[in-house]
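Here is a short briefing to read with the sequence and the model side by side. Take your time, and look up each residue as you meet its name.

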Amino acid sequence: MFGAIPALLSYYWRTKMPETARYTALVAKNAEQAASDMTQVLNVEIVEEPEQAEELARREQFGLFSRQFAMRHGLHLLGTTVCWFTLDIAFYSQNLFQKDIYAAVNWLPKAETMNALEEMFKISRAQTLVALCGTIPGYWFTVFFIDIIGRFAIQLGGFFFMTAFMLGLAVPYHHWTTPGNHAGFVVMYAFTFFFANFGPNSTTFIVPAEIFPARLRSTCHGISAAAGKAGAIIWSFGFLYAAQSTDPKKTDAGYPPGIGVRNSLFMLAGCNVVGFFFTFLVPESKGKSLEELSGENEDEKASETSAAADYRSIPPA
């Protein structure tokens, strides 16, 4: 019951927020309302420019499945969807099955050796420790550095170091399972969460909201997000089976033998490698306006160049 209160407060405050000016002007074609909304938000008098809004809206008439969109943003959309897809495979697998991984390396006792309350306490303590040392600091690093080093560098570096630390867990996996080495495993595992959040887990939902035209921005962001959630759903089920021991006698009840935790970590590292290379399809958006990123300024420059050429071609009287 109390959990509904934040949702209700969010709904209330959302009703008080105006629609974005670009959507109102370019999609709803109401430049006057867009100027009025931004005047209230920025507390600065803004005069509407309906002619300019109409011109920008006219340039954006191409659809999602048009040749023009494919030429301008097709590779961008491919990059954002694949990066989000591969990230969520790795990130959700790590999050949802922390307790299984910790038990596999003997950091946590086996479930059958604890009662329910003891198991809940030890799992919560372990997950909280990793979150405080890895997940939360990673987000704050992104907040502080995203406009300094840029989205591209953060995402590329995040995928790179997630791959490196997962391989660091998988290659000497048997070393981490021996007594006395659990602390090193936890530190390495926390670093994968740190670089997920100081990396693609932050940038994959920021960049699609910046690089596409206003009329298709939400659609492209939704496609990218849906790809990510598809990866999360697929591997949330897949990891349950894949991480099972190769020894039929050591699998959980009701599960067939799998490839084991070690090989599953190799697969997650492979997903990060795919995300690393597809990041090169995504443009850097740091310090650029939405018009520059969506290519609207290119049309404007082309129009100005054409007009200048026409002017020069007119012979003097």
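K229 is partly exposed, with a relative accessible area of 34%; the classes are buried for under 20%, exposed for over 50% and partly exposed in between, using a 1.4 Å probe and protein chains only. This is a predicted model, in which local features need pLDDT of at least 70, side-chain atom pairs count only at pLDDT 80 or more, and totals for chains, interfaces and linings use all residues. Residues are numbered from 1 along each chain as its sequence is written, and side-chain values use heavy atoms, leaving out hydrogens and water.

**K229 and its partner**

- K229 forms a salt bridge with D88, and their closest N and O atoms are 2.8 Å apart. A salt bridge here is a side-chain nitrogen of Lys or Arg within 4 Å of a carboxyl oxygen of Asp or Glu.
- This pair links distant parts of the chain: D88 sits in helix α5 (residues 67–96) and K229 in helix α12 (residues 214–242), 141 residues apart. Helices are DSSP runs of H or I with at least four residues, numbered from the N terminus.
- Is D88 buried or exposed? D88 is buried, with a relative accessible area of 1%.
- Side chains of opposite charge can pair when their charged atoms come close.

**A network of salt bridges**

- The count of salt bridges comes to 4.
- Which residues are linked in a network of salt bridges? They are D147, R151 and E210.
- R151 meets D147 at 2.6 Å, N to O.
- R151 also forms a salt bridge with E210, where the closest N and O atoms are 2.9 Å apart. E210 lies in the loop between α11 (200–206) and α12, while R151 is in helix α8 (residues 151–170), so this pair ties together parts that are 59 residues apart in sequence.
- Both E210 and R151 are buried, with R151 at 9% relative accessibility. D147, by contrast, is exposed, with a relative accessible area of 52%.

**Two helices side by side**

- Two packed helices are described by the angle between their axes and the distance between the axes.
- The axes of α5 and helix α13 (residues 260–278) come within 9 Å and cross at roughly 155°. Each axis is a line fitted to C-alpha atoms over the stretch in contact, and angles run from 0 to 180 degrees between N-to-C directions.
- α5 and α13 are therefore roughly antiparallel to each other, a label for angles over 145 degrees.
- The contact includes L78, V82 and I89 of α5, and L268, V274 and F278 of α13. Contact means heavy atoms within 4.5 Å.
- By class, this contact of α5 with α13 has 9 nonpolar, 5 polar and no charged residues. Nonpolar covers Ala, Val, Leu, Ile, Met, Phe, Trp, Tyr, Cys and Pro; charged covers Asp, Glu, Lys and Arg; the others, Gly among them, are polar.

- Y92 lies in helix α5 and is partly exposed at 30% relative accessibility. Not counting residues up to four places away in sequence, Y92 touches K229, A232 and S236.
- Y92 and A232 are 140 residues apart in sequence and 5.7 Å apart in space, C-alpha to C-alpha.
- F160 is in helix α8, partly exposed at 45% relative accessibility. F160 and A269 are 109 residues apart in sequence and 9.4 Å apart in space, C-alpha to C-alpha.
- M114 is found in the loop between α6 (98–104) and α7 (116–149), and M114 is buried, with a relative accessible area of 12%.

Note on methods. Helices (H or I, at least four residues) and strands (E, at least two) are DSSP runs, numbered from the N terminus. Angles under 35 degrees count as roughly parallel, over 145 as roughly antiparallel, 65 to 115 as roughly perpendicular and the rest as oblique.
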